[in-house]
Amino acid sequence: MAETWEVLTLRGLAATDERAQEFTGTLVIHRAGSAEPVESVQVSVKRTVLAELHETLGRLLARSTGLRGSPGGKGR
């Protein structure tokens, strides 16, 4: 069975210039249910992946009832 990891944060995501196609940073993760310390992993992420995450996470958060003013998704 695959290991389960909890993503804690993505630090220092940066690129060399505003037109960069790849960004580097540090993914901070923790093995779910483990008493072991947090791990930091250097990552490279392509612009296309970040754009896809932006779109996907935006839709997910927009549907989240925790971000709306009232149940059912209708703002106040």
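Arg 31 forms a salt bridge with Glu 3, and the closest N and O atoms are 1.7 Å apart. The pair ties together distant parts of the chain, 28 residues apart: Arg 31 sits in strand β2, Glu 3 in the segment before β1. A salt bridge here is a side-chain nitrogen of Lys or Arg within 4 Å of a carboxyl oxygen of Asp or Glu. Helices (H or I, at least four residues) and strands (E, at least two) are DSSP runs, numbered from the N terminus.

This is a predicted model: local features need pLDDT of at least 70, side-chain atom pairs count only at pLDDT 80 or more, and totals for chains, interfaces and linings use all residues. Residues are numbered from 1 along each chain as its sequence is written, and side-chain values use heavy atoms, with hydrogens and water left out.

**Salt bridges**

How many salt bridges does a search of the whole structure find? It finds 3.

| Salt bridge | N to O distance |
|---|---|
| Arg 31 and Glu 3 | 1.7 Å |
| Glu 22 and Lys 46 | 3.0 Å |
| Glu 55 and Arg 59 | 2.9 Å |

Glu 55 and Arg 59 both lie in helix α1, 4 residues apart, about one turn of the helix.

Glu 3 is exposed, at 52%. Arg 31 is partly exposed, at 23%. Lys 46 is partly exposed, at 47%. Arg 59 is partly exposed too, at 44%.

**The sheet**

The strands β1, β2 and β3 form an open sheet in that order, with antiparallel pairing. Two strands pair if DSSP finds at least two bridges between them. The edge strands are β1 (5-14) and β3 (39-46), and each pairs on one side only. On average, neighbouring strands are turned by 30° against each other, direction ignored. Strands β1 and β2 (residues 22-31) run antiparallel and are joined by 7 bridges. Within β2, Thr 24 is the bridge partner of Ala 14.

Is His 30 buried or exposed? His 30 counts as buried because its relative accessibility is 15%. Contact means heavy atoms within 4.5 Å. Setting aside neighbours within four places in sequence, His 30 is in contact with Thr 4, Trp 5, Glu 6, Leu 8, Glu 36, Pro 37 and Val 38.

Glu 22 counts as partly exposed, at 39% relative accessibility. Not counting residues up to four places away in sequence, Glu 22 touches Ala 15, Ser 44, Val 45 and Lys 46. Glu 22 and Arg 47 are 25 residues apart in sequence, and 5.6 Å apart in space, C-alpha to C-alpha.

**The helix and a patch**

Helix α1 (residues 47-63) lies across β1, β2 and β3 and runs at about 100° to β3. Axes are lines fitted to C-alpha atoms, for helices over the stretch in contact; angles run from 0 to 180 degrees between N-to-C directions.

Val 49, Leu 53, Leu 57, Leu 60 and Leu 61 form a nonpolar surface patch, with about 430 Å² of accessible area together. Patches are made of residues with over 30% relative accessible area and no salt bridge; like charges are joined within 9 Å, nonpolar side chains (Val, Leu, Ile, Met, Phe, Trp, Tyr) within 5 Å. Areas come from the Shrake-Rupley method with a 1.4 Å probe; for residues, only the protein chains shown count as cover. Leu 57 is found in helix α1. Leu 57 is partly exposed, at 45%.

Technical notes. Buried means under 20% relative accessible area, exposed over 50%, partly exposed in between (1.4 Å probe, protein chains only).
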